[in-house]
Amino acid sequence: AHGMGLVTLGLSGEEFGTIMSGVQFRYAPDALVSSMSPLSGPTVGGTRVQVHGRNFIDSDAMACRFDAILVPARWISTSLLECNVPAASVAPSGPAEAVVSITLNGA
C-alpha cells in the first residue's frame, strides 16, 4: 500500500525489460461529500449547485454525476466544488429526484 502523494509509473516484463514511463499517478485520500445546495431546481437544468465536503483535488477529470449523466465540476477548494445540473432525462409529471455523486478522476 502507498501513502498519499505522487508515484512514477513504470512498465516491466520479460520480453522488453524495464521501461520507466515518467507518468505519475497521484494517490489521494477518499473525497467525502457532506452536503449540497441548493437541493432543488427546474427540470430544464442549469442550476449551479455547490457540493461541500473534504479531500477534493483539482483535476481536469473532476465531475458531478446526476444519475448516469456526468457533468464537469469546477474546483473551488479542497472542501467545495460547483456543478451545473443537467436537464432531467425524463420529463416527470411531478418532482424528480436524482442520485448525485462526484468523481475526481472521471471514473
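1. Buried residues make up 20% of the 107 residues in this protein, where buried means under 20% relative accessible area, exposed over 50%, and partly exposed in between, with a 1.4 Å probe and protein chains only. The model is predicted: local features need pLDDT of at least 70, side-chain atom pairs count only at pLDDT 80 or more, and totals for chains, interfaces and linings use all residues. Residues are numbered from 1 along each chain as its sequence is written, and side-chain values use heavy atoms, with hydrogens and water left out.

2. Along the sequence the pattern reads β-β-β-β-β-β-β-β. Of the contacts between residues at least 6 apart in sequence, 45% join residues at least 24 apart; a contact means heavy atoms within 4.5 Å.

3. Next, look at strand 5. Strand 5 (residues 63-66) runs antiparallel to strand 6 (residues 69-77), with four bridges between them; two strands pair if DSSP finds at least two bridges between them. Ala63 faces Pro72 of strand 6, and Phe66 has Ile69 as its bridge partner in strand 6. Strand 5 also pairs with strand 8, again in the antiparallel sense and over four bridges. In that pairing, Ala63 stands opposite Thr103 of strand 8.

4. Asp67 counts as partly exposed because its relative accessibility is 44%.

5. Strand 6 continues the story on its other partner. Strand 6 and strand 7 (residues 80-84) run antiparallel and are joined by four bridges. A hairpin of two residues links strand 6 to strand 7. Within this pairing, Arg74 has Glu82 of strand 7 as its bridge partner.

6. Which residues does Glu82 touch, leaving aside those up to four places away in sequence? They are Arg48, Val49, Gln50, Pro72, Ala73, Arg74 and Ile76. Glu82 counts as buried because its relative accessibility is 12%. The side chain of Glu82 makes a polar contact of 2.7 Å with the side chain of Arg74, and a polar contact of 3.2 Å joins the side chains of Glu82 and Gln50. A polar contact is a pair of N or O atoms within 3.5 Å; within protein, one must be able to donate a hydrogen and the other to accept it, and residues adjacent in sequence count only if both atoms are side-chain atoms.

7. Some backbone details deserve a check in the viewer. Most residues other than glycine have a negative phi, and most peptide bonds are trans. A cis peptide bond joins Ser37 and Pro38, with omega about -5°. Pro38 belongs to the loop between strand 3 (32-37) and strand 4 (48-54). Asn55, a residue other than glycine, has a positive phi near 70° and sits in the loop between strand 4 and strand 5. Asn55 counts as partly exposed because its relative accessibility is 26%.

8. The largest pocket holds about 540 Å³ of space. It is lined by 24 residues, and those closest to its centre are Phe66, Val85, Ala96, Glu97 and Ala98. On a 1 Å grid over the protein atoms alone, a cavity is a set of points where a 1.4 Å probe fits but cannot get out, while a pocket is an open set with protein on both sides within 12 Å along at least five of seven lines; lining residues have an atom within 4 Å of a point. Grid points are joined across faces, edges and corners, and a volume is the space filled by probe spheres set on the points. The lining of the largest pocket comprises 16 nonpolar, six polar and two charged residues; Ala, Val, Leu, Ile, Met, Phe, Trp, Tyr, Cys and Pro count as nonpolar, Asp, Glu, Lys and Arg as charged, and the others, Gly among them, as polar.

9. The second largest pocket holds about 360 Å³ of space. Its lining has 13 residues, with Arg26, Ala28, Ile57, Leu104 and Asn105 nearest the centre. Seven residues of this lining are nonpolar, three polar and three charged. Strand 2 (17-27) and strand 8 (100-103) each supply at least two of the lining residues.
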